[in-house]
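Reader: Hi! Could you walk me through the ring contacts in this one?
Author: Happy to, let's bring it up.

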Amino acid sequence: MWCLVPLLPLLLAVQDAHALWKVWLPRDISAMTNSCVVIPCTFMFPNGARTHHGVNSIWYFGQPYPQLFPPVVFKSRTDVVHESYKGRTKLLGDLNQRNCTLLINNLGTEHSGKYYFRADLGGANIYTYPDFSELKVLEQPNIDVPEEILSDENLELTCYAPDNCPEMTPEIQWLFTDYLPDPEFTSEYAEESNTAVLSNTLSFTPRPMHNGQLLGCRVFYPNTTLAYERHITLDVKYGPRSVWVNVSSEVMEGSSVTLHCEVDSNPAARISWMFGDQELLWDTAANVSLALDDMSAAQEGVYTCVGDNGYGAMNASLYLSIKFPPREPVVNSSLTVLEGSTLALHCSTQGSPAPTLTWLKDGELVGTIVADELSVLEVFEVTPQGAGQYRCLAENEHGRASSSLNVTVEYGPMLLDESKCTVVREGVQCVCMAVGNPEPTIEFHLPDLNITINQTDNRYNYYTHTDGHTSTAMIKLREKGDRNGGAAVNVHCSMSNLYGTHSVLLELQQEKKYMMAVIVGTIGGVAVIAFIIAAVRYVGHNNKKEEAPAGTDRVLDNPALYYSAVKKDKQNLRKKVLKTELLGSKFNSILEETTVSVLNPTSDRCRHSHSFLSFVSTAPRLPTMLWHGCTHANPKALSYREYLCVHVQ
């Protein structure tokens with residue numbers, strides 16, 4: 001509302017003759033469109049200025065200088081005004097009382113601007129006051145919004161409506177407040193510089209969810225159609241309240257992956273992707289994506305997205321697991337250990353998922369299978385059989401890899417079963433075979449002769465050979481001077497290396513081919529003797545047929561045929577005798593080949609021959625036989641003819 005009463009004391013107070021041209025009016029005033037406004041105005045002029053025809057006034061718009069032809073808003077002497085003010089303006093004050101209050105109706109936005117008052121006292125006493133009142137014609141009410149709205153802090157929003165039209169009083173109403181938490185409304189009426197303003201304050205505590213919510217203030221004049229609204233959108237500031245990232249995932253080595261991060265905050269947060277203490281990417285936005293290419297095992301770990309907008313900070317993490325086949329296992333270097341010691345083989349690798357580790361020795365499973373990145377194979381009291389190639393095999397669902405090492409076991413010499421002395425044609429051959437690591441050296445000892453035989457002694461045809469860890473040595477004991485009394489062979493084999501010495505008495509054995517010769521010769525001899533017996537019986541039988549009884553004359557029906565038959569029988573008999581002699585010759589040859597010169601007359605082979613002859617002597621129906629035993633002085637074996645003599649009577 002407007003009021004002119006307070007202006008009168010001001011006029012009365014100016015009494016001195018030195019009073020100047022002066023005007024009082026509100027510097028700023030406002031009104032709603034299509035409503036009205038009253039601009040309060042009081043003016044003063046010098047006492048020396050006399051009014052001859054009363055006081056007249058003019059209201060200008062925009063400019064105070066008439067020579068610039070500003071639009072005339074109101075003129076007391078005439079109704080000639082600017083087109084935009086025709087029928088809209090009225091002077092409410094009494095100029096004689098120095099009251100220049102102006103009413104403007106049916107306002108439009110084009111009426112917003114500065115208004116100047118000009119006093120006309122007549123003659124030269126015309127003066128345009130430089131002071132002005134600036135009118136603002138509003139199409140919607142003003143809402144006082146704080147520069148910053150913070151979440152979880154009390155907020156006050158004030159809606160203003162000007163009350164400078166005496167004919168209408170406004171009312172204020174808030175819109176869209178149904179979902180606000182415990183809203184409160186407070187109305188207030190204020191006057192300043194003869195202008196009035198009605199306000200209504202809305203109070204509540206916003207939350208992040210209220211960011212972007214629409215609110216409105218409605219100003220209306222009762223009993224009129226005039227209504228004005230203004231809408232605002234809340235800009236609630238809050239720190240990050242949620243950070244969304246991918247779930248933890250598994251990716252194959254060498255592949256690509258994209259990590260997404262979305263932060264709910266206002267204003268938008270500075271989003272950064274962190275891997276440990278390293279910042280990989282940042283940007284100020286609502287969401288940021290991190291692209292990772294050609295992934296490696298070194299990139300496995302925790303990735304953290306951090307959002308910070310100055311009002312708060314929040315982060316979220318995910319674990320990125322890189323899957324890859326086992327790396328080539330790391331194993332011990334090749335080892336050389338001593339027999340009986342403990343062996344510990346280490347195998348370590350990397351793989352995702354954790355691989356299974358398997359130890360293989362020469363292709364065969366040893367130890368246990370473990371599902372870990374480290375496996376230790378322990379071998380207690382290592383034996384020579386523990387030497388070989390050990391391989392550690394690492395496997396998982398994405399592949400396999402392996403590494404190998406060689407284990408060498410060093411041990412003292414050991415005699416092999418092939419070591420022996422054997423009777424051969426030249427004498428006795430002794431072979432000694434030993435295994436050891438390092439390979440052993442071999443010597444022969446003849447304790448009866450107090451002789452040591454090694455590779456420096458060539459008289460016994462010493463021969464040695466090494467194959468890997470196996471050593472072989474051989475000597476030949478000849479008949480003359482090599483046997484002590486001829487009763488037995490006494491040969492010792494001595495083996496030695498860094499880890500010990502071992503001596504063994506070698507046993508004397510017959511070679512198989514000579515034993516087979518004796519057996520074959522015996523069987524052959526039996527067959528020949530049996531054949532000779534049969535031949536002798538046949539010859540004796542034929543001789544009896546040829547002898548006729550005394551005093552009996554035989555008459556030959558066909559003498560030529562009889563002669564032919566007798567001749568034929570004699571020829572057949574001669575052939576059988578020749579075959580017998582041939583078989584006997586062959587048998588004698590076999591016996592000579594199988595005879596060993598070093599055997600004495602009482603040896604096993606001679607006893608075999610004697611037994612055979614004894615068996616033959618028991619054969620029935622033999623007329624007369626003469627046997628020669630095994631008492632021949634010659635140490636050489638006797639031939640068949642020297643053992644057997646058959647006399648046919």
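Reader: How many aromatic pairs does the structure hold?
Author: The structure holds 16 aromatic pairs, counting rings of Phe, Tyr and Trp (its six-membered ring) whose centres lie within 6.5 Å, with planes under 30 degrees apart called stacked, over 60 edge-to-face and the rest tilted. This is a predicted model, where local features need pLDDT of at least 70, side-chain atom pairs count only at pLDDT 80 or more, and totals for chains, interfaces and linings use all residues. Residues are numbered from 1 along each chain as its sequence is written, and side-chain values use heavy atoms, leaving out hydrogens and water.

Reader: Why is the pair of Phe275 and Tyr303 stacked?
Author: Their ring centres are 4.5 Å apart and the planes are at 25°, so Phe275 and Tyr303 count as stacked.

Reader: And which strands do they lie in?
Author: Phe275 lies in strand S22 (residues 270-275) and Tyr303 in strand S25 (residues 301-308), so the pair ties together parts that are 28 residues apart in sequence. Strands are DSSP runs of E, at least two residues, numbered from the N terminus.

Reader: Nice. Is Tyr303 buried or exposed?
Author: Tyr303 is buried, at 2% relative accessible area; buried means under 20%, exposed over 50% and partly exposed in between, with a 1.4 Å probe and protein chains only.

Reader: Which residues do ring pairs link into a cluster?
Author: Trp21, Phe43, Phe45, Trp59, Phe117, Tyr127 and Tyr129.

Reader: Where does the charged end of Arg98 sit?
Author: Over the ring of Phe45, 4.1 Å from its centre. The test is NZ of Lys or CZ of Arg within 6 Å of the ring centre and within 35 degrees of the ring normal. Arg270 lies over the face of Trp282, 4.2 Å from the ring centre.

Terms used:
Helix = DSSP H or I, 4+ residues; strand = E, 2+ residues; numbered from the N terminus.
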